[in-house]
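Please find below some brief remarks on the model.

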Amino acid sequence: MAEFNTLDDLEPGQRVLVRIDLNSPVEDGEVQDNHRFDRYAETVRELADSEHRVVLMAHQGRPGRDTFVSLDQHADILSEYVGKPIQFVADTYGDDAIEAIEGLSAGEILLLENTRMNDDELPEKPPEEHADSEFVETLAPYFDAYVNDAYSAAHRAHASTVGFPLVLPAYAGRVMESEYEYNTGVAERARETDGQVTMVLGGNKSEDVISVINNLGDAIDTFLVGGLPGELFHRADGKPVGMDVGDMDLLDDQYAETEDTLANILETSRDQLELPTDFAFEDDSGERAEIALDDITEKTDPYLDIGHDTIDSYVPIIEDSDAVFVKGAVGVFEDERFADGTVELIEAIGRTDCFSVIGGGDTARTLKMYGLSEDDYDHISIAGGAYLNALTGQELEAAEVLIEQATQTA
Ligand SMILES: Nc1ncnc2c1ncn2[C@@H]1O[C@H](COP(=O)(O)OP(=O)(O)OP(=O)(O)O)[C@@H](O)[C@H]1O
Ligand SMILES: O=C(O)[C@H](O)COP(=O)(O)O
């Protein structure tokens, strides 16, 4: 267990600056509800109930992207989950922000504007340099304490994640605590488990999958591969799948970059990999159809899910497992027609009494979308990049800063 200072160490009734991560999918300018809101609602409610003046910082998207929007919608969605009003100010640390912060009473909550709309936030810099920024120097004096609950942004050394903990007493929020403990512990848990340890690997980034296999290959017995990496491994093995057709332009570029590594993994670790034996695609009438790998002579349609033969062969492996970890969806679960693979594998994990961690950020949405009960799993991660970093043993700088500060004040 990491040696953080936590909310249990925070005296009630303080002025608290809290970094959370509400970064969400945005469709046609509309922020999509997701697990991050209900998770953070618990931290925010706990802080407000302890009579703190709660000021929230969060980011949305990156400058230049369509998802780089104001946090005004986030305030409304979060407020619904918290069950209390959340004020919003369209300013990050200027006069309007300060005025709103000073106007707060005990137990009230304020969300500041998208912290990436402030130029001091984004450069990746050492904590000491961020602590010297105008942003941190201006805002910090209005607070007694800083809480970092943004585990999913903890791999970013930004002002709001690593600057404030150097100048204010720093605490880990509830999300940070549990995400750090479970995700960082995956490798250890996998190595300690005596029985079968399985990992479901999917998604749309073969580099992620490669780095997980390279880092956890000694700890995981079987990787159940789906998503685009499932096709790419077959292509590296000379099968007629794994290339772009139609509008898709993801696979060929990824293959060019990872071809040698995929072939190398096939050569060294083939017996640890289960690859799809059939795929689902959209037929001419817009329905889900399936085709066996052995029947494919030339790929003519994008494959959007693993097929049912593959699901039927993966499920018993999950049922025989003592620990199962998930990184990435095995199909385009956002479309109900192509959610079978992801949902049926996650359901199978929920039915067994194995130890289970489900991630990353996109995949965790499956549970909410398809009404699966969170209680059936040991941990559901709401992190994407940070989850991958944790699985592959890379440092999460913002979490390390919190631990260092806790050690210094112990
Ligand atoms: N066969 C496929 N074709 C296209 N996209 C796919 C396919 N299978 C899975 N995906 C997509 O992969 C995405 C999830 O992949 P990703 O690697 O991003 O996983 P994640 O770890 O859950 O999320 P993130 O890292 O983005 O937080 C989903 O949006 C899903 O639609
Ligand atoms: O959604 C995430 O993974 C985090 O909010 C980090 O976002 P970023 O990749 O834009 O830094």
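1. Helices (H or I, at least four residues) and strands (E, at least two) are DSSP runs, numbered from the N terminus. The model under discussion is predicted. In these terms, G360 is found in the loop between β16 (355-359) and α14 (361-369).

2. G360 counts as buried, because its relative accessibility of 4% falls under the 20% limit. Not counting residues up to four places away in sequence, its contacts are V326, K327, G328, S381, A383 and Y387.

3. UniProt, in an unreviewed entry, lists G360 under "binding site" together with E334, G361, D362 and T363. These positions are spread over 30 residues of sequence, yet they cluster in space, with a largest C-alpha distance of 14.5 Å. T363 is included in the lining of the largest cavity.

4. E334 lies in the loop between β15 (323-327) and α13 (340-351). Its relative accessible area is 40%, so E334 is partly exposed. Leaving aside neighbours within four places in sequence, E334 contacts R365, M369 and Y370.

5. Elsewhere, an open sheet is formed by 6 strands with parallel pairing, in the order β5-β6-β4-β1-β7-β8. Because β5 (87-89) and β8 (170-172) each have a single partner strand, one side of each is left without a neighbour in the sheet. Neighbouring strands are turned by 25° against each other on average, direction ignored.

6. β5 runs parallel to β6 (residues 109-112) and is joined to it by 3 bridges; Q87 has L110 as its bridge partner in β6. Helix α3 (residues 95-102) packs on the sheet and touches β4, β5 and β6, its direction making about 170° with that of β6. Helix α1 (residues 35-49) lies across β1 (15-19), β4 (53-57) and β6, at about 155° to β4.

Notes:
Residues numbered from 1 in each chain as written. Chains lettered and ligands numbered in written order. Predicted model: local features only at pLDDT ≥ 70, side-chain atom pairs only at ≥ 80, totals over all residues. Heavy atoms only, no water. Pairing = 2+ DSSP bridges. Axes fitted to C-alpha atoms, helices over the stretch in contact; angles between N-to-C directions. Contact = heavy atoms within 4.5 Å. UniProt positions renumbered as here; feature names shortened; annotations may be inferred. 1 Å grid on protein atoms, 1.4 Å probe; cavity = no way out; pocket = protein on both sides within 12 Å on 5 of 7 lines; lining within 4 Å. Buried < 20%, exposed > 50% of the residue type's maximum accessible area, 1.4 Å probe, protein only.
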